[in-house]
Amino acid sequence: MLQYIIKRILLVIPVVILISFVVFYIIQLPPGDYVSSYSAKMSAAGDVMTQAEMDEMRANLGLDRPVYEQYFVWMKKIILHGDFGFSFNFNKPVIDVVGQYMGLTIVVSLVTMLFQYAVAIPIGIYTAVKQYSAGDYFFSGLSFIGMATPNFLLAIILMYLSYTWFGDPLLGLFSNEYVNAPWSMEKVFDLMKHLIIPVIVIGLSSTADLVRIMRGQMLDELNKPNVVTARAKGLSEWSILWKYPTRAALNPIVSTLGWSLSSIFTGATITAIVLNLPIQGPVMYNALLGQDMYLAGSWLLFMALLTVVGTLISDILLAWLDPKIRTEFRGN
Amino acid sequence: MKTLPVFKRQKPAVISPAKTKDANYSSQWRLIYLKFKKHKLARISLVILAVLYTVALFAQFIAPYGLQSYDSKYVNAPPMGLHFIDADGKFHFKPFVYGLKSERDPETMRKMFVADTENRYPIQFFVRGEEYKFLGLIPTSLHLLGVEEPGRIFLLGTDGMGRDMFSRIVLGSQVSLSIPLVGVGISFVIGLFLGGISGYFGGWMDSVIQRIIEIIRSFPTLPLWMALSAAIPPRIPVVTMYLYIVIIFAFIGWTDLARVVRGKFISLKNEDYVVAAKIAGVSDGKIIVKHLLPGFISYLVVATTLAIPGMILAETAMSFLGLGIRSPATSWGVLLQEAQKIENVALYPWKLFPLGIVILTVLTYNFLGDGLRDAADPYKK
């Protein structure tokens with residue numbers, strides 16, 4: 001087992017290095033650089049920059065050097081000093097910008113994840129146990145529509161409903177009076193209220209997906225001999241359900257747990273832009289558009305690493321669950 | 001192929017003769033077709049999709065107005081109802097619409113439109129309107145429906161520039177419905193080619209391709225899409241922009257397919273009949289095309305169909321953010337940009353019509369994919 005884990009981790013290293021190449025290449029792709037987009041912004045404001053000024057700014061920011069040199073400087077700083085570079089837009093180190101938004105990002109992501117599992121697993125079990133009942137059709141239909149609706153537009157519809165019903169579209173994560181207020185019970189309560197729409201919107205499509213997976217798994221498990229035996233022995237339906245099929249059906253969901261976090265992180269991006277949430281997504285979107293390359297790059301890198309680590313965790317979990325995978329790997 | 005009578009005698013008695021006949025005498029494709037026919041939702045979905053694509057094909061003919069046409073007199077006009085009975089209670093055989101009068105809301109002083117029951121405009125079919133090229137070839141000005149000047153027909157209302165929503169949805173469907181098809185088509189070819197090499201030949205080529213796939217898949221799709229779309233230079237011709245977007249989608253989409261293809265190749269290449277063909281000296285190319293591909297092409301079709309809804313949603317999302325299709329071209333995502341503002345949704349809810357079409361399309365593709373998946377393995381119970 002340990003041998004498997006070590007081998008699996010060693011395999012990740014070249015992938016990570018290549019990912020960092022690709023990330024840097026991608027953030028270089030948009031035409032122009034930060035200086036040209038900055039000068040365009042300045043000239044729109046009436047302040048035209050001369051070529052000499054632009055060159056000086058480029059030299060200051062290190063943007064005049066060849067691409068591969070910029071890459072190595074960036075990588076060197078990350079590995080040796082944990083320094084992810086400088087955000088031009090925020091005029092702050094990338095790490096600070098990320099840190100500023102990280103707390104709320106994690107809150108939103110974790111609450112969304114909890115919501116997903118809390119909703120999807122019971123519904124999945126219910127629809128499987130009562131297959132072809134009215135409730136099954138209702139929830140299955142709902143989950144189909146949930147998968148088909150672009151979630152950012154659902155956000156708008158919910159905002160509109162909340163506006164007509166409660167007179168507040170619940171934009172952002174805090175009401176105006178709490179944005180800069182110190183933490184208090186009222187502020188937490190206010191945050192909770194504002195979280196409802198984002199959590200439903202961000203979680204809906206994965207929830208719909210999870211319901212379908214859970215339902216399929218349960219249907220497979222419900223007719224297995226161990227369930228029949230348990231029933232023959234006279235166990236109550238509830239304890240049968242809880243003891244055998246549910247546990248077995250949860251396996252594939254648990255094994256993708258590490259992986260789903262990064263999908264929530266990114267799934268939230270567009271929704272967060274629409275709902276004006278102070279979390280990572282919109283910040284990074286602006287960084288991508290504004291050529292704030294180190295901020296955008298660090299974010300892309302972070303997302304990709306999260307996926308790699310997530311896959312690694314779920315692979316190790318799977319190997320732990322299923323001895324066949326371990327031995328197959330050793331065979332190679 | 002004729003079946004020997006001896007097969008008939010071996011038939012197990014428990015199976016009904018009609019069923020046995022199908023299983024024994026039909027080709028695999030016919031079995032797939034028979035199984036697919038039983039999936040009601042998939043069949044309905046296929047019909048709906050056929051209608052949608054037909055509309056997209058003849059969009060310029062069906063849309064009463066062109067892409068550029070606007071009328072500043074009718075900004076944010078509500079959908080017009082089709083009427084058969086006029087204000088006096090008289091029945092008209094031809095449906096008609098009322099003209100629009102603009103008035104001010106007495107409370108909010110906001111401009112609003114009310115139906116002007118004085119002016120009736122019966123709907124006319126095959127009317128002359130804006131010039132366009134039918135199927136991109138034949139110049140004509142014939143439109144399916146319209147009303148007489150100075151009347152206007154806004155079946156689904158107008159947008160913030162006074163452009164007919166119905167026309168724009170119909171015209172936008174050309175982009176929104178074709179991008180996923182072309183994108184999936186390209187990723188199908190790449191996936192088949194690279195996945196095939198990877199699975200059939202194995203060795204170092206397999207390792208290299210697998211690493212590439214792993215790297216592309218490590219990127220969460222959305223940020224990658226955003227990053228690549230941000231790289232599309234502004235102010236480029238519509239066709240180039242379209243190509244860029246399709247290539248971006250295909251570039252990310254092919255990895256899923258390549259994995260399916262690789263898995264199938266690996267599981268099939270050690271089958272006895274393939275080994276026999278190899279020993280008999282059949283060339284690699286012929287083995288792949290004649291013996292391997294027919295074995296799993298149906299699965300590929302399923303995987304491809306199920307990839308389409310994701311692309312539709314992605315195109316909508318990207319265009320919605322202004323990173324995808326940009327004006328003067330239009331797509332459903334572009335149309336939904338106006339719905340970004342909550343005031344627009346509150347005051348002019350008909351701006352959500354494109355959303356309905358997006359949901360319908362994605363749902364039908366999902367159902368179609370489900371039906372195909374069940375049908376792809378006709379021997380499974």
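How far apart do the C-alpha centres of domain 1 of chain B and domain 2 of chain B lie? They lie 40 Å apart. To see both, select chain B, 80-153 for domain 1 and 167-376 for domain 2; the bounds come from an automatic or database domain assignment.

A word on the model: it is predicted, local features need pLDDT of at least 70, side-chain atom pairs count only at pLDDT 80 or more, and totals for chains, interfaces and linings use all residues. Residues are numbered from 1 along each chain as its sequence is written, and chains are lettered from A in the order in which they are written.

Next, the cavities. A search of the whole structure finds three of 30 Å³ or more. A cavity is a set of points on a 1 Å grid over the protein atoms alone, where a 1.4 Å probe fits but cannot get out; lining residues have an atom within 4 Å of a point. Volume is the space filled by probe spheres set on the points.

Select A:T105, A:V108, A:S109, A:I264, A:F265, A:A268, A:I279, A:Q280, A:G281, A:W299 and A:M303. They line the largest cavity, which holds about 60 Å³ of space. Colour by class: seven are nonpolar, four polar and none charged. Now show the helices α5 (94-129), α12 (257-275), α13 (280-289) and α14 (293-321) of chain A, each supplying at least two lining residues.

Keep α13 and α14 of chain A on screen. Each also supplies at least two residues to the lining of the second largest cavity. That cavity has a volume of about 40 Å³. Select its lining: A:I27, A:P30, A:A287, A:L288, A:Q291, A:M293 and A:A296.

Notes: Side-chain values use heavy atoms; hydrogens and water are left out. On a 1 Å grid over the protein atoms alone, a cavity is a set of points where a 1.4 Å probe fits but cannot get out, and a pocket is an open set with protein on both sides within 12 Å along at least five of seven lines; lining residues have an atom within 4 Å of a point. Helices (H or I, at least four residues) and strands (E, at least two) are DSSP runs, numbered from the N terminus. Ala, Val, Leu, Ile, Met, Phe, Trp, Tyr, Cys and Pro count as nonpolar, Asp, Glu, Lys and Arg as charged, and the others, Gly among them, as polar.
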